[in-house]
Amino acid sequence: MKKRIFLKHFFQSIVAGVAGLGNALYFLGNVLGQILRGKIRFSEVIKQIHEQGMQSVVVIALTSIASGVVLTLQGYVMLDRFGAKEKVAALVALSLVRELSPVFSALIFSGKAGARLTAELGAMNVNNQIVATKVMGVDPIEFLVVPRMLACFLVLPILVVMSEIIGIAGGYLVGVFEANIPGSFYISQTLQSIDYVDFFSGFIKTFFFAFLIGWTCCYQGFVTKGGSLGVGRYTTKAVALAYILVVVSNTILTKIILTFWG
Amino acid sequence: MIKVSHLYKSFNSQAILKDVSFEVKEGEIIAILGQSGAGKSVLLKHLIGLLFPDQGSIEIDSRDIAKFSEQDWLLLRKKMGYLFQDGALYDFMTIFENTAFPLKEHTQLNKKEIGEKVRNTLSLVGLEGVEQKYPSQLSGGMQKRAALARAVILNSKILLCDEPTSGLDPVRSRDITDVILNISRHFNTTTVITSHDMKNSFRIADRLIIMKDGSLVAQGTREEIESTDNDFVKEFLN
């Protein structure tokens, strides 16, 4: 009996999961359809860029400087054992540019801007504002979702570049004042170590992350139900899903990039 | 103007609407009364195309809405105003921006003309001097007035009001129904109101419809409803 109930729930979960994915893909198709038809409200996009960017910038900056500082402290101690402490600038720059800044920024962006997207759209949904948009003869996807998703796509790459610069600056401070590496040498080592392949291998990933975060968080907000409790539940779900998607897609993308690009 | 014929609707095999038929003439105010869960809001959502019937038909201006394309719906919705139970004003817009929204979306009016029209419509619903406030800064009654202004600002031919007096005290309830009456007469709109507020509905409606468990149990003028022999209606009126 217990086995039968377990199997029933198991298959119900699979069916619900497939149906959910189908609905999410249909939602994405609608969003892309609007974008391809040129139905973009640029003033709304700019407003969203400002809101999403401002919300995440401080936390990303703090995390980046801390990452740069810790990475340099640890790297300097390790490399010093092998008599290669001057290589710490390259270690920090490459780590940040290729991997840490894109992933950390995407995770923070999910928790800040992503959560806001879901909560905002979710609250609008449970208060009938999305239905009201439709009733007024305006497509809610075009008016509410397209600007938010496009803003995600534009803001995250900018935040990642900012994160890389701040992280490297943090490393510079430790390298120069703690490890006594000459400042000009640290800078030249940093610039020499970063090839365009290194920069773009990390930068390209941010567009995938932004797309996944925007899609997941907007979709979860758009289908929120169950009043204020529902808004909390769907927001948590959206952030958790966005985290998982960022981490999993990063693993796959890193493997692909390393295989084809080096 | 609106003709509903033998409408049936179920959710998860639970019948919500059962053989509902009625007509609303142009310029008429109809109040649909009934207890909570009688199917009033579901019926209203069918009239604006948010829900579609399992059986039966709805005709608006002698056109079957089941055959409407997206473009037809867009054109119809420009002629219809819908007042939501909770107003459904955008939180992130001021009252001015909320009221101006349909004009910005569907007309070619310039900034000055929009401003004038918004102020005139807000004045019609008795809301002046609150243009720059956000919905959260207004009382429930004022939010409903603002939502009503937004619903009719395109000179709507049809106005649908879902429980306009719910959550309001008797004075505010009377105020909002008076505003609906004034607006309906001013714009000559065909108005359908769902409510369980008998007193105010009897006061402003040309005809009334009483629903019970998804079925229509009585319809007619105030006098016809008051003189009916139906036990449920008698109990409901008392």
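What follows is a working chat about a predicted model of a complex with chains A and B.

Trainee: What ipTM and pTM does the predictor give the complex?
Mentor: The ipTM is 0.88 and the pTM is 0.87. Keep in mind that this is a predicted model.

Trainee: And chain B, what pLDDT does it average?
Mentor: Chain B averages 90, and 100% of its residues score at least 70.

Trainee: Where in chain B is confidence lowest, and where is it highest?
Mentor: Helix α9 of chain B, residues 231-237, is lowest with a mean of 82. Helix α3 of chain B, residues 95-106, is highest at 95.

Trainee: Staying with α3(B), which of its residues are buried?
Mentor: B:Ile95, B:Asn98, B:Thr99, B:Ala100, B:Phe101 and B:Pro102 are buried in that helix.

Trainee: Now the cores. How many residues has the largest nonpolar core?
Mentor: It has 65 residues, and B:Ile32, B:Leu148 and B:Leu160 have the most contacts inside it. Helix α5 of chain B, residues 140-152, gives the largest share of this core, with seven residues.

Trainee: What does B:Ile32 touch, leaving out residues up to four places away in sequence?
Mentor: On that count B:Ile32 touches B:Lys40, B:Leu43, B:Val192, B:Ile193, B:Thr194, B:Ile209 and B:Met211. Another core, of 59 residues, lies apart from the largest one, and A:Val92, A:Leu100, A:Ile130 and A:Cys218 are among its residues.

Trainee: On to chain A. How many helices and strands does it have?
Mentor: Chain A has eight helices and zero strands. Its C-alpha atoms fill a box of roughly 65 × 55 × 35 Å along the principal axes.

Trainee: What percentage of its residues count as buried?
Mentor: Of the 262 residues in chain A, 40% do. Taking contacts in chain A between residues at least 6 apart in sequence, 87% join residues at least 24 apart.

Trainee: How do α5(A) and α7(A) cross?
Mentor: The axes of α5 (residues 140-177) and α7 (residues 196-222) of chain A come within 8 Å and cross at roughly 150°. The crossing of α5(A) and α7(A) is right-handed.

Trainee: Which residues meet there?
Mentor: From α5(A), they include A:Val145, A:Met149, A:Phe153 and A:Val160. From α7(A), they include A:Phe203, A:Phe207, A:Ile213, A:Trp215 and A:Cys218. By class, the contact of α5(A) with α7(A) has 16 nonpolar, two polar and one charged residues. A:Cys218 also belongs to the core of 59 residues.

Trainee: Is A:Trp261 buried or exposed, and why?
Mentor: A:Trp261 counts as exposed because it has 11 C-beta neighbours inside 10 Å, and the cut-off for exposed is 12 or fewer.

Trainee: What does A:Trp261 touch, not counting residues up to four places away?
Mentor: A:Trp261 touches A:Val197 and A:Ser201. A:Trp261 and A:Ser201 are 60 residues apart in sequence, with 8.0 Å between their C-alpha atoms.

Trainee: Last one, the contact between the chains. How many residues does each chain put in?
Mentor: Chain A gives nine residues and chain B gives 14. On the side of chain A that touches chain B, five residues are nonpolar, four are polar and none is charged.

How values were computed: Residues are numbered from 1 along each chain as its sequence is written. Chains are lettered from A and ligands numbered from 1 in the order in which they are written. This is a predicted model: local features need pLDDT of at least 70, side-chain atom pairs count only at pLDDT 80 or more; totals for chains, interfaces and linings use all residues. Two residues are in contact if their C-beta atoms, placed from the backbone, lie within 7 Å. Ala, Val, Leu, Ile, Met, Phe, Trp, Tyr, Cys and Pro count as nonpolar, Asp, Glu, Lys and Arg as charged, and the others, Gly among them, as polar. Axes are lines fitted to C-alpha atoms, for helices over the stretch in contact, and angles run from 0 to 180 degrees between N-to-C directions. Helices (H or I, at least four residues) and strands (E, at least two) are DSSP runs, numbered from the N terminus. A crossing is left-handed if the near helix is turned anticlockwise from the far one by less than a right angle, and right-handed if clockwise. A nonpolar core is a set of buried Ala, Val, Leu, Ile, Met, Phe, Trp, Tyr and Cys residues joined through C-beta atoms within 7 Å. A residue is buried if 20 or more other C-beta atoms lie within 10 Å of its own, exposed if 12 or fewer, and partly exposed in between; C-beta atoms are placed from the backbone. pLDDT is the predictor's confidence in each residue, from 0 to 100.
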